[in-house]
Amino acid sequence: MSTAEATSGGTAYETVEAAVRAQLAKALGGKRGIVEAALPTIAFTVSWIVSEDLRTSLIVSIALAVLLLVARLVQRSTPQFVINSLIGIAIGAFFAARTGEAKDYYLPGILYNGGYAAAMLLSVVTRWPLVGFMIGSVTGDPTGWRRDPGIVRLCSKLTWLLMIPCLVRVVVQLPIYLIWGNDGVAAMGVAKIALGWPLQVAALGAMVLVLARGRTPIQPASPIGPLTGEKPS
């Protein structure tokens with residue numbers, strides 16, 4: 001039986017690990033994507049520390065995000081990561097402006113991480129780990145990966161690693177939000193930045209180590225391949 005190759009955008013992958021690494025690289029957006037995601041939050045936090053004025057802090061944060069988006073459009077590079085950041089900032093700004101409480105700028109992020117962690121935990125418990133759908137997006141078969149117990153175990157382990165940063169953010173930020181209120185805005189900002197991409201990169205680094213050690217073949221099972229739908233040769 002020959003090893004089948006999953007393809008995405010003309011790129012062939014012979015192993016599950018290679019396919020997941022490729023998808024993670026796309027998700028990160030490179031160094032520039034990481035910086036663009038962090039800068040508006042840094043701007044809001046610093047502005048609040050200096051001025052303690054919610055309106056000014058929101059304007060500075062949103063203006064910086066828009067400036068980053070314009071730079072992307074002028075350079076004709078993908079604006080995906082700036083847009084994602086801008087949407088998150090807009091939601092945070094809406095919450096804060098509606099209540100008049102600067103602390104609520106961070107509430108959507110806390111809720112998002114809590115919900116995402118719960119969804120990933122549920123996916124692992126039900127043996128439908130979310131990382132498995134990365135494999136499906138590469139192979140074109142959204143659920144075929146689940147027929148291979150080895151792939152399910154690998155994807156469950158990787159999903160756990162993705163879930164840990166989300167849990168840590170909630171555990172650290174939620175008590176500050178509930179107990180300190182607006183007095184904890186600066187602390188929440190620092191925590192959001194420190195537990196943002198640095199923690200995510202650490203988790204992805206752990207995933208890369210797991211992926212580097214394994215070579216789970218993307219191969220068809222008789223008579224029809226579970227991941228590619230191809231007949232074995």
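Modeller: Let's start with exposure: a residue is buried under 20% relative accessible area, exposed over 50%, and partly exposed in between, using a 1.4 Å probe and protein chains only. Take Tyr112, which counts as exposed because its relative accessibility is 53%. Before we go on, this is a predicted model, so local features need pLDDT of at least 70 and side-chain atom pairs count only at pLDDT 80 or more, while totals for chains, interfaces and linings use all residues. Residues are numbered from 1 along each chain as its sequence is written, and side-chain values use heavy atoms, with hydrogens and water left out.

Biologist: What pattern does the protein follow along the sequence?

Modeller: Helices (H or I, at least four residues) and strands (E, at least two) are DSSP runs, numbered from the N terminus. Here there are nine helices and two strands, and the order reads β-β-α-α-α-α-α-α-α-α-α. Of the 233 residues, 42% count as buried.

Biologist: How many aromatic pairs are there?

Modeller: Rings of Phe, Tyr and Trp (for Trp, the six-membered ring) pair if their centres lie within 6.5 Å; planes under 30 degrees apart are stacked, over 60 edge-to-face, and the rest tilted. That rule gives eight aromatic pairs. One of them joins Tyr105 and Tyr106 edge-to-face, at 5.3 Å centre to centre with 85° between the planes. Another, Tyr112 with Tyr116, is stacked, at 5.6 Å and 20°.

Biologist: Where do Tyr112 and Tyr116 lie?

Modeller: Both are in helix H5 (residues 107-125), four residues apart, or about one turn of the helix. Tyr116 has a relative accessible area of 34%, so Tyr116 is partly exposed. Tyr105, at 6%, is buried, and Tyr106 is buried too, at 2%. Ring pairs also link Tyr105 and Tyr106 with Phe44 in a cluster.

Biologist: Which residues does Ser57 contact beyond its sequence neighbours?

Modeller: Contact means heavy atoms within 4.5 Å. Leaving aside neighbours within four places in sequence, Ser57 is in contact with Phe44, Ser47, Trp48 and Ser51. Ser57 sits in helix H3 (residues 54-75) and is buried, with a relative accessible area of 0%.

Biologist: And with what does the side chain of Ser57 make a polar contact?

Modeller: A polar contact is a pair of N or O atoms within 3.5 Å; within protein, one must be able to donate a hydrogen and the other to accept it, and residues adjacent in sequence count only if both atoms are side-chain atoms. For Ser57, the partner is the side chain of Ser47, at 3.3 Å. Now look at Thr159 in helix H7, which is buried at 0%. A polar atom of the Thr159 side chain lies 3.3 Å from the backbone nitrogen of Val131. Not counting residues up to four places away, Thr159 touches Met120, Ser123, Val124, Pro129, Leu130 and Val131.

Biologist: Is Gln173 buried or exposed?

Modeller: Gln173 is buried, with a relative accessible area of 4%. Gln173 lies in helix H7 (residues 149-180), and beyond four places in sequence its contacts are Ile110, Met188, Ala191 and Lys192. Gln173 and Ala191 are 18 residues apart in sequence, yet 6.9 Å apart in space, C-alpha to C-alpha.

Biologist: What share of the contacts comes from residues 24 or more positions apart?

Modeller: Among contacts with a separation of 6 or more, such pairs account for 67%.
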